[in-house]
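Morning, everyone. Please look at the sequence and the model on the screen, and I will go through a few parts of it.

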Amino acid sequence: MKMKNHVIKTSTINGINAKTVRVGTQTRRGLGPISGPALALAALLPLAALTGCASHSKDNFTVGSVHHTYKTRHPIVIEEREQTLDIPIGSDIRTISRASGGSIEGFAYRFRKSAAGSISIMLPSGSPNEASARKVSDQVIESIMASGVPRNHIQMTTYYAAEHGSSAPIRLSYIGVKSNVEGCGRWPGDLAASNGQNENYHNFGCASQSNLASAIANPADLLAPRGMSPIDAGRRIEGFKEYRDGKVKLSSSGTPEIK
């Protein structure tokens, strides 16, 4: 079909040959013959746009717009703190209650896990219940020793308690390592007023960091790994014997099972 008053012009757009067909006052643009290198370049253009969003390093991908993470904004801090337990003692008490005994054993258990040097028992002095506190002090020591604390790791001291009234407590204390996260619950900026920088809000991740810090049994493990314990040679010999006797087989998941 013939078309009158048409003009064909050839131009280059981003390295791709294009033909402009002008028919009267209407203009149509179409692709002409595309060479192999030009087609390859066109396929690489979307990939080049994506690579501008992130830069790849040797170890990880770094997103340029995020300058702070929750680990750097809310780090887990390890510090020494005094851990205490107060046991109320009445003026006429002769023995500690079962609930107080359980609290003492739990406190002694945490003391053992903390690897602290010693645990102190502070008895009230100058208060109306001073005599009662001295009578039950032996029971407190027995409860602590029942949790596995040697007697030479227990210290006895007194404190002036006249201002505490007739129920001045017996205080147990030790200096232990504690892990915590400070500064949670702060909202310095408006979440609705986004700055368009794709950054985490200030309180992001603080609760997770706090939960992790409180769940760690021994915060000293964050500073350095523990030494390896010696092998159990007797158990190793028994394990070899079970293999030789055919008492051990592998399950479908690959874990050993004893018949």
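For angles between axes, under 35 degrees counts as roughly parallel, over 145 as roughly antiparallel, 65 to 115 as roughly perpendicular, and the rest as oblique. This is a predicted model, where local features need pLDDT of at least 70, side-chain atom pairs count only at pLDDT 80 or more, and totals for chains, interfaces and linings use all residues. Residues are numbered from 1 along each chain as its sequence is written, and side-chain values use heavy atoms, with hydrogens and water left out.

Helices here are DSSP runs of H or I with at least four residues, strands are runs of E with at least two, and numbering starts at the N terminus. Axes are lines fitted to C-alpha atoms, for helices over the stretch in contact, and angles run from 0 to 180 degrees between N-to-C directions.

Now the helices. The axes of α3, residues 98-114, and α4, residues 130-146, come within 8 Å and cross at roughly 50°. The two helices are therefore oblique to each other. Which residues make the contact? From α3 they are I104, E105 and A108, and from α4 they are V140, S143 and I144, where contact means heavy atoms within 4.5 Å.

Next, the sheet. Strands pair if DSSP finds at least two bridges between them. Four strands form an open sheet with mixed pairing, in the order β6-β9-β7-β8. At the edges are β6 (77-87) and β8 (154-160), each pairing on one side only. From one strand to the next, the twist averages 30°. Helix α4 packs on this sheet and touches β7, β8 and β9, its direction making about 165° with that of β7. Strands β7 (residues 119-125) and β9 (residues 170-180) run antiparallel and are joined by three bridges. M122 has R171 in β9 as its bridge partner.

Last, the disulfide, meaning a pair of cysteine sulfur atoms within 2.5 Å. How many does a search of the whole structure find? One. The disulfide joins C184 to C206, with 1.7 Å from S to S. C184 lies in the loop between β9 and α5 (206-215), and C206 in helix α5, so the pair ties together parts 22 residues apart in sequence.
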